[in-house]
Amino acid sequence: DAYVVGVGKELLVDDLKFGMGVDVDPEDNRQCKIYAISILEAQDLWDEYETVKITIFQPRVGDGKPKEWVVPVVALKQFKEEVQKVAYFVTHNTSLPYTPSVKACRFCKAKAICPALGSLAESQMVEGFTDESKPVEAGEAIVSAVKKTGNLAELLGHRMDLCDLIELYISGVRSAVEIELLAGRDVIGVDGPYKLVQGKKGNRKWSTEDEAKALLEGFRLKKDEMYDMKLISPTKAETLFEKKYPRRWAKCEEIITQSEGAKHVADARDPRPAITSTPEEGFEDDGSDLV
């Protein structure tokens, strides 16, 4: 979104991403590298700089601090050649197939009606189902699928790769349907037209607390009947003590506990360490035999 020239031998390229969703890393970021080569090319700066510092600003993600990555101009020249080859190939092959992926489809506005994404999601969601009158046990279905692939780990890994993409597709379809219904246009399903309905009501609250306070005081209620008193949270205590009274905050920290986050599946790119466990974890031996 901005670039700065004339700062020594380093060109500065800044990218502001104001969304709240995905944390973007500048290191080897293809989009930002294309920004950089576009600037170097358009301004004829290839011989003026030795490096380019790419900075991504995401004020609404994580701690909001800018993230930087420095890349040599020589490396960008090589990357430019790769981009030119791909661009030439794409512009001279107008019938290239679509290749849906989480990264490619996440921010696409057409994902709800994309034929490639829809076909992929639907084919995967019906895979394993048959029209036979005899039901197939879940275990038998897995065994059958493993026989085809020869590897349970690869089978489940392939299915897991598609989970995020299919969930993205479903979310996109739901959003598109809501937009159509809000605009007064019909969306017809197997059982007839879909409709917008009112959801569960929210929690009740006073229209104005001052008015409620005056009313309840008029009923001659006691303070402990009118108010629910509770201890402040550790977060509130931190705001009170951390900067002004660090010693007090240190004492508070000694009696604070925090539960571990729930375990969930992440792909290999996730920087967090893997949790190792054994099949016996969570079971206790009480000394008796199970029959």
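With a relative accessibility of 77%, G62 counts as exposed (exposed means over 50% relative accessible area, buried under 20% and partly exposed in between, using a 1.4 Å probe and protein chains only). The structure is a predicted model, in which local features need pLDDT of at least 70 and side-chain atom pairs count only at pLDDT 80 or more, while totals for chains, interfaces and linings use all residues. Residues are numbered from 1 along each chain as its sequence is written, and side-chain values use heavy atoms, with hydrogens and water left out.

G62 sits in the loop that links β3 (51–57) to β4 (67–72); helices (H or I, at least four residues) and strands (E, at least two) are DSSP runs, numbered from the N terminus. Although 39 residues separate G62 from D23 in sequence, their C-alpha atoms lie 7.5 Å apart in space.

Turning to the strands, β1 (residues 2–4) and β2 pair in the antiparallel sense through three bridges, where pairing requires that DSSP finds at least two bridges between two strands. Within β2, L12 is the residue opposite V4. β2 and β3 run parallel and are joined by seven bridges, with L16 partnered by F57 of β3.

T55 also belongs to β3, and its 5% relative accessibility makes it count as buried. Setting aside neighbours within four places in sequence, T55 is in contact (heavy atoms within 4.5 Å) with V13, D14, D15, P66, K67 and E68.

Then there are the helices. Together with β2 and β3, helix α1 (residues 30–42) forms a right-handed β-α-β unit; right-handed here means that, with the strands pointing away from the viewer, the path from the first strand over the helix to the second runs clockwise. α1 also packs with helix α2 (residues 73–91), at an angle of about 100 degrees and with the axes 10 Å apart. Axes are lines fitted to C-alpha atoms, for helices over the stretch in contact, and angles run from 0 to 180 degrees between N-to-C directions. The two helices, α1 and α2, are therefore roughly perpendicular to each other (65 to 115 degrees). R30, K33, I34, A36, I37, L40 and E41 of α1 make this contact with L76, F79, K80 and V83 of α2.

Technical notes:
Parallel < 35°, antiparallel > 145°, perpendicular 65-115°, else oblique.
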